Amino acid sequence: MEHASARPHPDAALLNPIENPGRTYYYIVVGLLVIILYTGFVYFRQLWYGLGVTGMAQPVTWGFYIINFVFFIGISHAGTLISAILRLSKAEWRRPITRMAEVITAIVLAIGGLHPIIDLGRPDRISHLFFNGRLQSPLLWDVASITAYFTASTIYLYIPLIPDIAILRDRGVKPRWLYEFLSWGWQGTERQHKVLDRAMNILMVMVIPIAVSVHTIISYIFAMTVQPGWHSTIFGPYFVVGAIFSGIAAILVLMIVFRKVFHLEGYLKHIHFNYLSILLLIMSLIWFYFTFSEYLTGFYGHEPNEMRVFWYKFAGDFAPYFWAMIVCNFALPVAILCNSKTRTIPGILIASISVIIGMWMERLIIVVPSLANPRLPYPTGIYIPSHTEWMLFLGGISVFILGYMIFARFFPVISIWEIEEGRHESAKIVAERITSYMPDPEPSATGE
Amino acid sequence: MNKKTIEALQVLSISLIWVLFTGIAVWIVSLLRESLRLHDAPDASVGISIIAIPVFFTLASILTYVFIGLRKGRKEESEP
Amino acid sequence: MKWGMVIDLQKCTGCGECAAACKLENNVAIVEPRESEMGRTMLWMDMLTIYEGEYPRLRVRQIPRPCMHCDHPPCTKVCPVRATYMNEEGIVAQIYPQCIGCRYCMAACPYTVKSFNWYKPSFPPGMDRATNPDVSVRPVGVVEKCTFCIHRLQMAKEQAKFEARDLREGDFQPACADSCPTGAIVFGDLENRDHQVNHLAHSPRAEKLLEDLGTEPKVIYLKEVD
Ligand code: SF4
Ligand code: SF4
């Protein structure tokens with residue numbers, strides 16, 4: 001603990017944002033805080049007057065809040081899930097990516113989880129959920145699974161963070177008490193490493209089913225009703241695929257931003273983007289496959305109510321969004337990512353942003369058209385979100401950026417110890433692993 | 001801040017996590033009892049409780065395991 | 001006991017008297033015209049416009065539509081706090097002080113009958129003091145719908161108890177049935193053989209809305225014959 005803080009560290013680029021945040025950082029924080037304050041005001045207005053300030057009406061009784069809920073929770077899937085899969089499969093290139101991904105999960109999940117509460121007509125009665133809740137309702141399944149996912153992914157973020165916190169503590173970064181408190185007396189002894197490894201192994205295995213269950217259950221909110229366009233058995237896996245898809249796009253965007261802002265070109269190399277973008281490409285194809293089978297079965301069955309929703313999406317009021325979604329989620333990313341010439345960093349950035357926009361539209365297309373086409377002949381208007389809903393959407397994004405910035409201010413966004421460990425050990429481990437894949441030499445050859 | 005306070009805070013935070021998770025478990029069980037009383041879909045409720053409660057407790061145990069493991073694993077000289 | 005309603009479309013002229021009576025009886029808010037245009041009109045008893053046949057033999061008619069009080073209600077299953085439930089007498093009721101306003105039940109109802117209080121319920125000047133004292137005015141942010149005038153049932157039961165007799169068929173009639181000038185709406189106990197609805201429900205003309213969904217509505221329509 002007596003190390004001087006001036007000691008040059010091999011990963012100084014990762015420590016720099018924490019040790020010298022710079023002035024622009026504070027400008028951005030102030031800017032975001034202004035947006036968030038205004039959002040708070042807008043939300044307070046909604047509390048005061050009621051949900052009438054939104055654009056929702058009958059029969060479109062769910063709007064932006066539920067769409068954003070599904071969307072944000074979807075984004076959150078990338079993080080912990082991808083990181084756990086990469087760790088489990090021992091992909092060595094995961095090292096600079098996992099932490100960034102896990103942070104997305106923790107922050108976005110907190111934001112997404114708040115959306116159903118924003119959507120309530122009577123948020124003041126939220127305690128009824130605790131005292132009179134009914135486990136029969138899919139909404140309660142959601143409460144349970146999101147809580148589990150949130151705690152699991154926070155723990156999963158925190159445990160591999162401990163050695164890095166200890167590095168910061170040893171370098172005497174302020175506030176010292178924070179790092180002292182969070183580092184749990186880490187000294188990097190062999191026994192401590194063993195404990196950490198074991199805990200992480202259990203968590204990795206646990207986190208994957210929890211993550212999958214969360215989005216499946218979110219899809220159940222829709223699939224458990226009997227409404228046309230919602231009541232579909234494919235919804236669970238369809239939502240999970242969409243979630244992972246949008247999540248990977250979010251990781252890619254963040255990686256590109258961090259690489260630019262913190263000058264991490266040495267850590268996030270082209271190969272990382274290449275691998276992840278190929279994953280994005282695969283997810284895009286799977287997503288298209290699911291979309292195709294979802295709509296084909298609806299179309300072929302030709303049930304009149306189903307068909308009304310179908311045509312509403314394909315050629316009616318929602319056609320522009322529907323076709324834009326197909327372009328954003330399928331045509332554009334596939335075109336860009338298929339070709340290794342366009343699979344460059346700007347190309348990947350465009351593809352990822354288009355996927356994020358496209359996935360948001362997908363959620364819109366799932367939630368609104370089914371509600372806008374009730375079975376009985378009612379006059380239906382068109383849902384136009386109000387200023388309040390747009391502001392809360394923007395506010396949600398601002399909270400995400402701010403949360404990420406605060407995290408990056410206090411903790412390294414790339415796991416320093418895992419990089420170091422990789423430098424020292426992975427070449428040897430991988431070489432050993434590859435030899436173990438090789439066919440054993442012929443007995444005759446050794447017998448000589 | 002001195003070492004003692006920090007240590008006390010650490011123990012406190014771990015215990016709070018246990019309190020939280022026990023709270024969740026109690027909540028789920030009370031919902032379960034409610035649903036049995038009202039006869040609405042007890043099967044779904046039982047299913048959820050069987051999965052959810054152990055998940056929360058495993059998470060808390062992992063944290064505690066790491067906490068204790070890291071304390072035990074410290075170098076000799078830093079032990080008081 | 002299973003309360004139910006039969007609406008005879010042969011008798012119904014589509015005048016909308018029942019819808020108006022319901023609004024007054026149950027203190028259903030009268031929203032401002034601008035709100036109404038957005039689709040926030042609140043009607044427990046709505047008039048559905050049905051188009052039959054094709055031009056030139058097109059027939060447009062209006063039929064009354066209360067809550068169907070489904071025997072297997074998709075709306076009560078999804079409510080996270082039991083603010084909507086089916087009581088022992090088959091009435092799907094709302095508990096306003098319990099509702100958290102998640103609107104899940106609205107999304108789940110295949111008949112789209114529920115209304116939400118987007119703002120604090122408003123009444124035109126003067127009318128706010130003429131509200132029915134037997135029915136509470138709902139607060140902002142909760143869902144409401146037709147209750148089969150459950151408050152009238154309460155009063156009828158008390159009256160019957162006071163007079164030390166059983167409930168008779170005419171004792172409990174919802175406002176819509178009371179008000180219908182042609183007597184097209186008949187209300188009673190579907191399981192009681194002495195009640196008119198029991199017979200009408202088994203008429204060959206009887207049909208239910210969206211019967212194939214398996215919700216088993218307790219509001220039964222009698223087809224027109226012409
Ligand atoms: S008609 Fe709708 S609100 Fe009424 S009981 Fe059936 S599902 Fe519920
Ligand atoms: S809006 Fe109210 S009654 Fe409807 S599901 Fe939500 S809490 Fe239940």
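A polar contact of 3.2 Å links the side chains of A:T291 and A:Y238. The model is predicted: local features need pLDDT of at least 70, side-chain atom pairs count only at pLDDT 80 or more, and totals for chains, interfaces and linings use all residues. Residues are numbered from 1 along each chain as its sequence is written, chains are lettered from A and ligands numbered from 1 in the order in which they are written, and side-chain values use heavy atoms, with hydrogens and water left out.

**Exercise 1.** Which residues form the positive surface patch, and which helix gives the largest share?

Solution. 
- Recall the rule. Patch residues have over 30% relative accessible area and no salt bridge; like charges are joined within 9 Å. A salt bridge is a side-chain nitrogen of Lys or Arg within 4 Å of a carboxyl oxygen of Asp or Glu.
- List the members: A:R191, A:K194, A:R198 and B:K72.
- Assign the share. Helix α9 (residues 190–223) of chain A supplies three residues, the largest share.
- Check one member. A:R191 lies in helix α9 of chain A. Its relative accessible area is 49%, so A:R191 is partly exposed.

**Exercise 2.** Where does C:E211 lie?

Solution. 
- Locate the residue. C:E211 is in the loop between β9 (206–207) and β10 (219–222) of chain C.

Note on methods
Patch = residues over 30% accessible without salt bridge, like charges linked within 9 Å, V, L, I, M, F, W, Y side chains within 5 Å. Areas by Shrake-Rupley, 256 points an atom, 1.4 Å probe, with all protein chains shown as cover. Lys, Arg positive; Asp, Glu negative; His and termini not counted. Charge placed at Lys NZ, Arg CZ, Asp CG, Glu CD. Helix = DSSP H or I, 4+ residues; strand = E, 2+ residues; numbered from the N terminus. Buried < 20%, exposed > 50% of the residue type's maximum accessible area, 1.4 Å probe, protein only. Polar contact = N/O pair within 3.5 Å; in protein donor to acceptor, adjacent residues only side chain to side chain.
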